[in-house]
Amino acid sequence: MRVVSLVPSLTEAVAVSAPGALVGATDWCSHPADLDVVRVGGTKNPDVARVISLAPDLVVANEEENRAPDLAALRAAGVEVLVTEVRTLAQAFRELARVLAACGAGRPVWLARAEAAWREPPRFVIRRRAAIPIWRRPWMVLGRDTFAGDVLARLGVDNAYATHAERYPRVPLEELRAADLDLVVLPDEPYRFTRDDGPEAFPEAVPTALVSGRHLTWYGPSLTEAPAVLSEALREACR
């Protein structure tokens, strides 16, 4: 198999589960750290001609991360494209199994371990109501039907914007500051929130949890440790 991945988390999953199959990946595919494949541009602007030149048997993509015109161009060139949809943890496990099977990999041990880790994850006894910003200038937050929102819900954190009409709504900072929140969750991707960039925007009375964006938003091998890593960061913020 010759596989090109246009999704960072799927890149990691394929690389560790089907060694040698991956021949191309995006510039944003940062894991595994020693990944040595041809880079084909970004998730939103891949170099379609370069992907085709790699003569892949399969391109793996995602309906949210990749643009339909790029995928259509690949198909028009005769390339098989597998498009995933991941909006819940259960979907993530199903889609990972489907992708890995299509890449000629068996069911990896890490996938079974990830499923086991999420059966009874550590969670807040008293649920927290939180906003989860993913960008600033302008401020944007997680809205409805998101994978990260489902992950947090399983840890006892309810997204205050889970019923919003949009999946990633723009919300004025004044509205966020006035919302009835128990917690603000600040991941380090796609916007890199840090201790000096993000927490200062919110009232001191509202705890801010700085969390790993890879553990919050990636569906792949990181899912094995995500429950413990995220739970520790959330609890530390609320202590």
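User: With which side chain does the side chain of T84 make a polar contact?

Analyst: A polar contact is a pair of N or O atoms within 3.5 Å; within protein, one must be able to donate a hydrogen and the other to accept it, and residues adjacent in sequence count only if both atoms are side-chain atoms. Here the T84 side chain has such a contact with the side chain of N62, at 3.1 Å. The T84 side chain also reaches the backbone oxygen of A61, at 2.9 Å. This is a predicted model, in which local features need pLDDT of at least 70 and side-chain atom pairs count only at pLDDT 80 or more, while totals for chains, interfaces and linings use all residues. Residues are numbered from 1 along each chain as its sequence is written, and side-chain values use heavy atoms, with hydrogens and water left out.

User: Is T84 buried or exposed?

Analyst: Buried means under 20% relative accessible area, exposed over 50%, and partly exposed in between (1.4 Å probe, protein chains only). T84 counts as buried because its relative accessibility is 1%.

User: Which residues does T84 touch, not counting those up to four places away in sequence?

Analyst: Contact means heavy atoms within 4.5 Å. By that criterion T84 touches L10, A61, N62, E63, E95, R98, V99 and Y219.

User: Which strand does T84 lie in?

Analyst: Strands are DSSP runs (E, at least two residues), numbered from the N terminus. T84 belongs to β5, which covers residues 81-84.

Methods: Helix = DSSP H or I, 4+ residues; strand = E, 2+ residues; numbered from the N terminus.
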